[in-house]
Amino acid sequence: MKIKLKKDLKGDFEQVELEVGISLKELAASYQPQLPYTLLAAKVDNKFRDLNFILEKDSTVELVDMRTQGANLMYQNSLALIYLKSVEDVLGPVEVDIENSLNKGLYTTIKKPTPLTEEDVELIQKRMEEIRDLDLKIGKESVSPEEAKEIFLRMGLPENLPLISSERSRRVHFYSLEGHREFFYSLMVPSSGYIEHFKLMKYKNGALLRFPHPSKPDEIPPYKDEKVLYQAFGEQNRWGKLMGIRYVSDLNRVVEEGRTKELIQLSEALHEQKIVEIADMISREKKRIILIAGPSSSGKTTFAQRLCIQLRVKGLVPLYLGTDDYFLEREDTPLDEFGNKNYEDLEAVDVELFNRHMNRLLAGETVDLPTFDFIYGHKEFGKRLTSIRANQPIVIEGIHALNEALTADIDRGEKFKIYISPLTSLNLDSHNRVVTTDHRMLRRMVRDFKYRDRSAETTISGWPSVRKGEDKNIFPYSGEADVMFNSVHLYEIGVLKKYAEPLLKKIKPEQEEYADAVRMLSFLQFFKTIQEDSYISNNSILREFIGGSIFVE
């Protein structure tokens, strides 16, 4: 049997001869000593497979570790299974919710008769370490949708039945660890020993389950308390309760009952209320430099424009600026490790000129603001002679806006920092999360096709580079924000599905992006499609991605 094999993310494909019937686990074990990180899965003919998969014909095989998004999610879900089993062993049959990503980990809550204690958490951590060291087998059952419904009823989980709708044709996966059975929609590692690195810590009213970042799969990242994000998730949970939506099944029920219009209107009203609150804070605190940053596909442009409108309602007349006009001249732009022009890092921005101009504006002077010509790579002057009044704020949107180094020469008392991102608290069930990075990639995929004539495979292939830039230039500074705006709409994946699903289905099995396309399509199957989106207002953040926005051409 001939296999075209890629052993490592940074390696090349090579031709090897293997016996028919070899498992991916055996194949991975033969190469593991040569590789830097633990192999967790493989892409076989551009489709993710767990390591128990048997090779029976000529194939293309790419062994993957945690640096790949699909394998990263496998690590998280396998860790979650170990955690759930350990909680049961230590505390008995209590209800556990794996709620959202936070502080480079997963925030979880445990409902027990008495409050969760530090001692409880330490005992659970110890039990998880024991399970890891025992390298216990993780069993897998793949059943039909009809069988899955019976299993959910036997497990006492009738609320999960709507997940197995008539639209779902694929088999449903249940995983077990020493008799503890759970439903997970994605793949798992073969045994608990693959999950080497984790740390459980008491946090707020729950526990934080921390694990390695894909950039460094063999270590737990430094802890940093993301208080603003925690508050944003709490607010999102309150919004969910107002709308009667906690899980995807609740959203699907609203769609089936024809109440989508009401849901959309309520969600938009909550967004507007939050923007008004932020405008009130800026007005009350008399802030004049308003800095807005967030990761890709957060809806920064629409949010900034709507904030400007609400500031005008307060009697203020904001000046709206983007930091892109302050790029260095192209010949002065620094190079990345590959010798290409690096426009992502702060070093590509003329920080000194930016600070000088902002301070002069604050002082009431007239400033010749630049306009950057992206064709020729130079700043042009003489087109925007600008001055502002004494109480007039400047709204600045850019990837480095929260980095204090961008505005180092501006008085901190003048600055108000806003972090924006779509952080959904809507999960499939109590243990299966809607992953924020996948949610954002759906937004970007639809927008790329609508406005930039880019295919879904182009968006998927470029996503790791986007994420790398965010990890360096955006996420580390989210804690600098004075306030967080959560740009998510609980209903929106049902809308995005209508646009994204046909794009994903165009990706062919021979294309490298096929594995992620299949993974995303599998995830989207759980959502009812919202066909009618005319109810979404033309100033909605979602319009920035699906079209029809009054703020985006």
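This is a predicted model: local features need pLDDT of at least 70, side-chain atom pairs count only at pLDDT 80 or more; totals for chains, interfaces and linings use all residues.
F327 is buried, because its relative accessibility is 8%; buried stands for under 20% relative accessible area, exposed for over 50% and partly exposed for values in between, with a 1.4 Å probe and protein chains only. Residues are numbered from 1 along each chain as its sequence is written, and side-chain values use heavy atoms, with hydrogens and water left out.

The structure holds 16 aromatic pairs. Here rings of Phe, Tyr and Trp (its six-membered ring) pair if their centres lie within 6.5 Å, and planes under 30 degrees apart count as stacked, over 60 as edge-to-face and the rest as tilted. In the pair of F327 and F374, the ring centres are 6.0 Å apart and the planes stand at 90 degrees, so the arrangement is edge-to-face. This pair links distant parts of the chain, 47 residues apart: F327 belongs to the loop between strand 14 (319-322) and helix 9 (351-362), and F374 to the loop between strand 15 (367-373) and strand 16 (378-386). Helices (H or I, at least four residues) and strands (E, at least two) are DSSP runs, numbered from the N terminus. Elsewhere, ring pairs join F152, F174, F183, Y185, F523, F526 and F527 into a cluster. The charged end of R181 sits over the ring of F174, one of these residues, at 6.0 Å from its centre; for such a placement, NZ of Lys or CZ of Arg must be within 6 Å of the ring centre and within 35 degrees of the ring normal.

An open sheet of 5 strands has the order 2-1-5-3-4, with mixed pairing. Strand 2 (14-17) and strand 4 (48-49) each have a single partner strand at the edges, so one side of each lacks a neighbour in the sheet.

Two residues stand out for their backbone angles. Most residues other than glycine have a negative phi. K104, however, has a positive phi of about 55 degrees although it is not a glycine; K104 is placed in the loop between strand 6 (95-102) and strand 7 (105-111) and is partly exposed at 36%. E178, also not a glycine, has a positive phi of about 50 degrees. The loop between strand 9 (172-177) and strand 10 (180-183) contains E178, which is partly exposed at 46%.

N473, in helix 11 (residues 456-473), counts as buried because its relative accessibility is 7%. A polar atom of the N473 side chain lies 3.2 Å from the backbone oxygen of E344. By contrast, Q531 is exposed, at 56% relative accessibility, and lies in the loop between helix 13 (514-524) and helix 14 (543-546).

Confidence is expressed as pLDDT, the predictor's confidence in each residue, from 0 to 100. The protein has a mean pLDDT of 93, and 99% of its residues reach 70 or more. Confidence is lowest in helix 5 (residues 227-243), with a mean of 85, and highest in helix 3 (residues 118-134), at 98.

Methods: A polar contact is a pair of N or O atoms within 3.5 Å; within protein, one must be able to donate a hydrogen and the other to accept it, and residues adjacent in sequence count only if both atoms are side-chain atoms. Two strands pair if DSSP finds at least two bridges between them.
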